[in-house]
Amino acid sequence: MSHDAFISHETIEAAESGVLDDRRVAVKDNISTEGVEATCGSAMLADYVPPYDATVVERLKESGATIVGKTNMDEFGMGTTTETSHFGPTTNPVDEERVPGGSSGGSAAAVAAGEADLALGSDTGGSVRCPAAFCGVVGIKPTYGLVSRYGLVAYANSLEQIGPLAPTVEEAAELLDVIAGPDEHDATTRKQERDVDYAAAADGDVDGMTIGVLSELVSGADEGVTAAFEGTIADLEAQGAEVREVSLDSLAHAVQAYYVIAMSEASSNLARFDGVRYGVSGASDEGDYDGNWNDAFARSREAGFGSEVKRRILLGTYALSAGYHDKYYKKAQDARAWIKRDFDDALAEADVLASPTMPVLPPKLGESLDDPLQLYLMDANTVPVNLADLPAISVPAGTADGLPVGAQFVGPAFGEEAIIRAASAVE
């Protein structure tokens, strides 16, 4: 049964054989695939065909994977439900009246429905972990710099990472093994000091591991989500993990800081979509620009962008404008530094930190769009990780009212092995 997970079903056969032979992989539609559309879920790029492969796509082909299509997403990654997609929403395979999460909702739904064995998404503020939690699959947001962003259409450069989605922790780790590593095309990537086998870390051994439970992120969750999460933590404690409560004062400011920074970067990044270099033409009905480029620019963006993208561009431009830069953007960056210090201090005392991935169960279609602020607050548990440049994983942790609940584990920078080990013990 289709859940509208795919924008394009075009199959890209593997160029070589390797560790992902015979594995079907779906790729989020903001990741460049040579000769196959990359729309970002937007009318602005509805006909855009990239002339090159993203580094992660090259590595998929080299590993023997077959790419089975490009998956639906919130427009330019801006959303938590896939409902902002120009092509319409994806439905949740667990309950077709509900959203699959976003912005990588198509990738998570494709894996949950068995339409792909594995998938790639991108995570700017939770866009891999949110749909993983809502669809009952595993999603990893790697440390910033572990996976190349070359070929990822930028939303907020300093926050986003490409990450894997899979039915199990071990399979997600196998995909991470394939895509991780330095890239000469992306100066933000970093070479590891030692060879790492992420799949081998999925051994389920948490005996002696210290898990810090983030109290602020548990207390704000719905009752059913909290109950499922607390049951998961109790099970890990029974397996030999030491559990302690951790409180981070800075988390109260994470959502506000995140959206100021993300919208500001979006305002800058999306300026390139002007109808000349990229996007819908802003020419008049007569086919010319009437000698006024500004009018053509405005027409292009009016036609090409949806309402949520326009909202974020406007807010980001405002935050960066003269007289408001220090009031909003600089303060947001100060809060980001505080959040990172808090996480680093907490991870000096614990191997991993834990919380529910999402504080709520997947909403019904149409429930969230009328209240953007409520939609943004749904990201409260995921955005702090991106602000701190740390790795995190979402793993299925039971159900509430018959719907999936995810547990999130956060590790130190380049500490993916620890979060994979903890998540595998949950399975």
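Trainee: In which sense do β4 and β6 pair, and over how many bridges?

Mentor: This is a predicted model, to begin with. In it, β4 and strand β6 (residues 161-166) pair in the antiparallel sense, with 5 bridges between them.

Trainee: What handedness does the unit of β2, α1 and β3 have?

Mentor: Right-handed: β2, helix α1 (residues 55-62) and β3 make a β-α-β unit of that hand.

Trainee: Is β2 largely enclosed or open?

Mentor: Largely enclosed by the rest of the structure, because 4 of the 5 residues in β2 (residues 24-28) are buried.

Trainee: Zooming out, what is the strand order in the sheet?

Mentor: The order is β1-β3-β2-β4-β6-β5-β10-β11-β9-β7-β8, which is an open sheet of 11 strands with mixed pairing. The edges are β1 (6-8) and β8 (242-246); each has a single partner strand, so one side of each is left without a neighbour in the sheet. From one strand to the next, the twist averages 35°.

Trainee: Which strands does α2 lie across?

Mentor: Helix α2 (residues 105-112) lies across β1, β2, β3, β4 and β6, and runs at about 155° to β4. Helix α10 (residues 325-347) also packs on the sheet, where it touches β7 (210-214), β8, β9 (352-356) and β11 (403-410). The direction of α10 makes about 115° with that of β9.

Trainee: Back to α2, how many of its residues are buried?

Mentor: 7 of its 8 residues, so the helix is mostly covered. Among the buried ones are Gly105, Gly106, Ser107 and Ala108. The buried residues of α2 pack against α3 (129-135) as well as β1, β2, β3, β4 and β6.

Trainee: What follows α2?

Mentor: Glycine 114 does, with a positive phi near 75°.

Trainee: What is phi for phenylalanine 76?

Mentor: Near 55°, which is positive in a residue other than glycine. Phenylalanine 76 lies in the loop between β3 and α2, and counts as buried at 4% relative accessibility.

Trainee: And phenylalanine 414, where is that one?

Mentor: Phenylalanine 414 sits in the loop between β11 and α13 (416-426). Its phi is near 60°, again a positive value in a residue other than glycine. At 14% relative accessibility, phenylalanine 414 counts as buried, because the cut-off for buried is under 20%.

Trainee: New topic, how many cavities of 30 Å³ or more are there?

Mentor: The structure holds 3 of them. The largest cavity has a volume of about 100 Å³. It is lined by 15 residues, and the closest to its centre are Gly79, Thr80, Ser127, Tyr259 and Asp379.

Trainee: Is valine 225 buried or exposed?

Mentor: Buried, at 1% relative accessibility. Valine 225 is in helix α6 (residues 223-238). Not counting residues up to four places away in sequence, valine 225 touches Pro356, Met358, Pro359, Val360, Leu361, Ala400 and Val405.

Trainee: Last one, how far apart are the C-alpha atoms of glycine 204 and alanine 425?

Mentor: They are separated by 3.9 Å, while the two residues are 221 residues apart along the chain. Glycine 204 is in the loop between α4 (169-179) and β7. At 23% relative accessibility, glycine 204 counts as partly exposed. Leaving aside neighbours within four places in sequence, glycine 204 is in contact with Gln239, Arg421, Ser424 and Ala425.

Terms used:
Residues are numbered from 1 along each chain as its sequence is written. This is a predicted model: local features need pLDDT of at least 70, side-chain atom pairs count only at pLDDT 80 or more; totals for chains, interfaces and linings use all residues. Side-chain values use heavy atoms; hydrogens and water are left out. Buried means under 20% relative accessible area, exposed over 50%, partly exposed in between (1.4 Å probe, protein chains only). Helices (H or I, at least four residues) and strands (E, at least two) are DSSP runs, numbered from the N terminus. A crossover is right-handed if, with the strands pointing away from the viewer, the path from the first strand over the helix to the second runs clockwise. Two strands pair if DSSP finds at least two bridges between them. Axes are lines fitted to C-alpha atoms, for helices over the stretch in contact, and angles run from 0 to 180 degrees between N-to-C directions. Contact means heavy atoms within 4.5 Å. On a 1 Å grid over the protein atoms alone, a cavity is a set of points where a 1.4 Å probe fits but cannot get out, and a pocket is an open set with protein on both sides within 12 Å along at least five of seven lines; lining residues have an atom within 4 Å of a point. Grid points are joined across faces, edges and corners, and a volume is the space filled by probe spheres set on the points.
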